[in-house]
Amino acid sequence: MRLGVKRLPDDGLLEVRDLKKYFPTKRKGVFVRAVDGVSFRLKRGEVLGLVGESGSGKSTTAYTILGVYEPTAGQILFKGQDISTGLARRPLALKKEIQIVFQDPGTSLNPSRTIGQILGVPLAVHRIGTRAERQQRIAELLRLVELPVDFMYKYPRAIGGGERQMVAIARALATNPSLVVLDEPTSALDVSVQAKIINMLMKLQRELHLTYLFISHDLSLMRNVATRVAVMYLGKICEEASTPELFANPLHPYTQMLLSSIPVVSKAEEATKPKRIRSTGEIPSPVDVPPGCGFHPRCPFRTEACSREEPAMREVEEGHFVRCHLLGAGVPGDGQIH
Ligand code: SF4
């Protein structure tokens with residue numbers, strides 16, 4: 001068990017260092033490299049958007065931080081404590097500090113229990129309050145997400161999808177966690193209720209000074225919710241910056257490609273949008289990661305060096321990190337598009 005103590009600065013909540021999560025395949029010695037060297041820091045009260053296509057490794061990164069998966073390598077520090085283990089080996093007191101809101105409340109809420117019983121589970125597991133105090137806390141949690149208190153007697157099937165997700169949010173907040181992982185919290189919901197859920201999440205974040213790790217495939221959503229954005233591709237972060245900086249000055253070709261395909265509604269947004277970047281193909285399989293830069297088979301700016309050498313992450317401006325040979329010092333190759 002690797003539970004040492006290393007102090008983070010006062011405002012540092014989570015630090016992930018060179019995190020790797022590989023899954024074995026049926027072929028001996030061949031692994032799915034779902035997360036392949038991810039590093040980032042999350043301060044208290046921040047909302048970090050972890051964005052990428054399906055297969056980029058963003059959800060596996062989050063589930064490894066949660067302890068659902070044991071890391072293959074790397075370190076996860078939470079409040080200065082090394083928590084680089086699976087859930088089974090984490091102290092109970094630590095488990096209540098990191099909670100999650102799943103994508104689909106239709107499957108994450110037990111259909112045979114009432115809403116009150118569902119909200120009571122984390123309180124009972126973590127031995128919070130007496131029976132009467134737990135009832136009060138359940139009512140308080142329902143009020144917090146603006147649901148009627150008598151919902152505690154209803155079953156999940158008797159309420160709407162948006163209301164079920166509000167219950168899932170209330171359940172995540174039951175133990176007063178320091179960090180909440182939001183795993184695509186609106187992608188399974190009707191468009192009509194998505195904005196309501198996002199508004200509620202952001203209101204709670206402001207009022208309770210919560211810290212979110214917000215997983216999404218939707219970069220445009222991040223413009224409105226995230227403090228910082230990290231863009232993932234093939235198990236690695238390829239660009240990370242504050243949200244205003246990333247949208248004003250996207251530097252990695254993959255980020256530019258994602259941003260250029262976002263529909264815009266105003267002339268001001270159109271003016272800041274990168275020119276359309278044409279890339280070919282789909283994200284490669286994490287079983288068969290291309291050599292060099294993982295994006296090179298799709299990148300219109302690739303050079304000969306891109307298929308040979310893996311680019312390192314560089315800080316190109318304060319707080320703006322990019323993983324691309326074309327940026328920063330020591331550009332290898334001939335600089336031509338092949
Ligand atoms: Fe494109 Fe090369 Fe940069 Fe990768 S390193 S994003 S292939 S230019």
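Buried means under 20% relative accessible area, exposed means over 50%, and partly exposed covers what lies in between. These terms are applied here to a predicted model.

**A nonpolar patch**

Leu-92, Val-121 and Val-125 together make a nonpolar surface patch of about 200 Å². Leu-92 belongs to helix α2, which spans residues 92-95. Its relative accessibility is 37%, so Leu-92 counts as partly exposed.

**Aromatic rings**

How many aromatic pairs does a search of the whole structure find? The search finds six. In the pair of Tyr-22 and Phe-31, the ring centres lie 6.4 Å apart and the planes meet at 40°, so this pair is tilted. Tyr-22 is partly exposed at 22% relative accessible area. Phe-31 is also partly exposed, at 38%. Elsewhere, one aromatic cluster is formed by Tyr-233, Tyr-254 and Phe-295.

**Charges over rings**

Two charged side chains sit over aromatic rings, as listed here.

| Charged residue | Ring | Distance from charged end to ring centre |
|---|---|---|
| Lys-21 | Phe-23 | 5.1 Å |
| Arg-157 | Tyr-155 | 5.1 Å |

**Cysteines**

A disulfide is a covalent bond between the sulfur atoms of two cysteines. The search of the whole structure finds zero disulfides. Are Cys-306 and Cys-324 buried or exposed? Cys-306 has a relative accessible area of 9%, so Cys-306 is buried. Cys-324 has 10%, and is buried as well. Both values fall under the 20% cut-off for buried residues.

Definitions and conventions. Residues are numbered from 1 along each chain as its sequence is written. This is a predicted model: local features need pLDDT of at least 70, side-chain atom pairs count only at pLDDT 80 or more; totals for chains, interfaces and linings use all residues. Side-chain values use heavy atoms; hydrogens and water are left out. A disulfide is a pair of cysteine sulfur atoms within 2.5 Å. Buried means under 20% relative accessible area, exposed over 50%, partly exposed in between (1.4 Å probe, protein chains only). Patches are made of residues with over 30% relative accessible area and no salt bridge: like charges are joined within 9 Å, nonpolar side chains (Val, Leu, Ile, Met, Phe, Trp, Tyr) within 5 Å. Accessible areas come from the Shrake-Rupley method with a 1.4 Å probe; for residues, only the protein chains shown count as cover. A salt bridge is a side-chain nitrogen of Lys or Arg within 4 Å of a carboxyl oxygen of Asp or Glu. Helices (H or I, at least four residues) and strands (E, at least two) are DSSP runs, numbered from the N terminus. Rings of Phe, Tyr and Trp (its six-membered ring) pair if their centres lie within 6.5 Å; planes under 30 degrees apart count as stacked, over 60 as edge-to-face and the rest as tilted. A charge sits over a ring if NZ of Lys or CZ of Arg is within 6 Å of the ring centre and within 35 degrees of the ring normal.
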